[in-house]
Amino acid sequence: MVLAAKLTFLLSASVLWLSTSVDSSTNDKDGKGGCGLGFPGVPGTPGHNGLPGRDGMRGERGEAGVRGEKGDRGISGKVGPKGERGSNGVTGRTGRKGDRGEKGERMNSQSVNWRQCAWKREDDIDSGLIQECPFKKQSSNTALKVAYAANMRVNCPGTSCCGRWYITFNGSECSSPLPIDGVLYVNDPSSNGLNPLRHRQIEGFCDNLPAGIVKVAVHVGNCHEYGSSDRYSGWNSVSRIMIEEYPESQK
């Protein structure tokens, strides 16, 4: 339809142009006029789009915009894989020299500090003090080694009994590390009674004792969960307490 309309329009324009041309020619032959003006021609077919032009020059940089609001915090990412172990760092500088320590207590290194208390008597004591032996301790950072050697026995015809011999320091048993003691147990089912008079010895170390005079003593008494019995110390022989001061024990 569009094509037919265009052809009709072109045909009509051509007829009108020819008519105008004839009239103009006739008038010219009569000598009455010059060239006449014709009708406008038919519009041409629109041409194709031209090629894109080149990019223009870059414009100036605009001003910075207003800073936007802070967005919500994102979801935490997964923990990454463990990295390889790094190399050792550079060795640091040597620290400053420490302050000088306090002067320690002087102890005679030429000889051992020791004492012995000995006696020869028979102590028919079932419970209580047997002998005291004062000792002058040179330092608070040392330990005392104490030994008690004597003839000891317990006697209980027809039953069992127990006796305990122990050392005290200024009236108390050792607590660092533990008491120094020994027990003698007898089980005598006969009615005649046993009399086991034997030489025995108890000894040990005690720490954390102050410097100065320390009253070392040996006692006899009941065993744990046992009552009194016939006890005897020092029969027909010498008894002794031996005390030595030693440097602090290794940890």
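Predicted model: local features only at pLDDT ≥ 70, side-chain atom pairs only at ≥ 80, totals over all residues.
Visitor: OK, cysteines. How many disulfides does a search of the whole structure find?
Guide: The search finds 4, taking a disulfide as a pair of cysteine sulfur atoms within 2.5 Å.

Visitor: What pattern do they follow along the chain?
Guide: Counting bonded cysteines along the chain, the pattern is 1-2, 3-4, 5-8, 6-7.

Visitor: Where do Cys 117 and Cys 133 sit?
Guide: Cys 117 is in strand E1 (residues 114–119) and Cys 133 in strand E2 (residues 128–137), so this pair links distant parts of the chain, 16 residues apart. On the naming, helices (H or I, at least four residues) and strands (E, at least two) are DSSP runs, numbered from the N terminus. The two sulfur atoms are 1.9 Å apart.

Visitor: Which hand does that one have?
Guide: The torsion about the S-S bond of Cys 117 and Cys 133 is about 70°, so the disulfide is right-handed.

Visitor: And are Cys 117 and Cys 133 buried or exposed?
Guide: Both are buried. Buried means under 20% relative accessible area, exposed is over 50%, and partly exposed is in between (1.4 Å probe, protein chains only).

Visitor: Which cysteine is joined to Cys 156?
Guide: Cys 161, with an S to S distance of 2.0 Å. The torsion about the S-S bond of Cys 156 and Cys 161 is about -80°, so that disulfide is left-handed. Both of these cysteines are buried.

Visitor: What about Cys 174 and Cys 206, how far apart are their sulfur atoms?
Guide: They're 2.2 Å apart in this disulfide. Cys 174 lies in the loop between strand E5 (172–173) and strand E6 (181–187) and Cys 206 in strand E7 (residues 198–206), so the pair ties together parts that are 32 residues apart in sequence. The torsion about the S-S bond of Cys 174 and Cys 206 is about 100°, so the disulfide is right-handed. Cys 174 and Cys 206 are buried.

Visitor: Switching to rings. How many aromatic pairs does the structure hold?
Guide: It holds 3. Rings of Phe, Tyr and Trp (its six-membered ring) pair if their centres lie within 6.5 Å; planes under 30 degrees apart count as stacked, over 60 as edge-to-face and the rest as tilted. One of them is Trp 119 with Tyr 148, a stacked pair at 6.5 Å centre to centre and 15° between the planes.

Visitor: Which strands does that pair tie together?
Guide: Trp 119 lies in E1 and Tyr 148 in strand E3 (residues 143–155), so parts 29 residues apart in sequence are tied together. Trp 119 is buried, with a relative accessible area of 9%, and Tyr 148 is buried, with 0%.

Visitor: How are Phe 205 and Tyr 246 arranged?
Guide: They form an edge-to-face pair, 5.2 Å centre to centre with 80° between the planes. Phe 205 lies in E7 and Tyr 246 in strand E10 (residues 239–246), so the pair ties together parts 41 residues apart in sequence. Phe 205 is partly exposed, with a relative accessible area of 41%, and Tyr 246 counts as partly exposed at 30%.

Visitor: Backbone next. Where's the cis peptide bond?
Guide: From Ser 176 to Pro 177, with omega near 10°. Pro 177 is found in the loop between E5 and E6.

Visitor: What's up with phi at Asn 208?
Guide: Phi is positive there, about 55°, although Asn 208 is not a glycine. Asn 208 lies in the loop between E7 and strand E8 (212–222) and is exposed, with a relative accessible area of 65%.

Visitor: Last topic: how many residues are in the largest nonpolar core?
Guide: There are 29, and those with the most contacts inside it are Tyr 148, Trp 165, Ile 167, Phe 169, Val 216, Ile 241 and Ile 243. A nonpolar core is a set of buried Ala, Val, Leu, Ile, Met, Phe, Trp, Tyr and Cys residues joined through side-chain atoms within 4.5 Å.

Visitor: Which element gives the most to this core?
Guide: E3, with 6 residues.

Key: Residues numbered from 1 in each chain as written. Heavy atoms only, no water.
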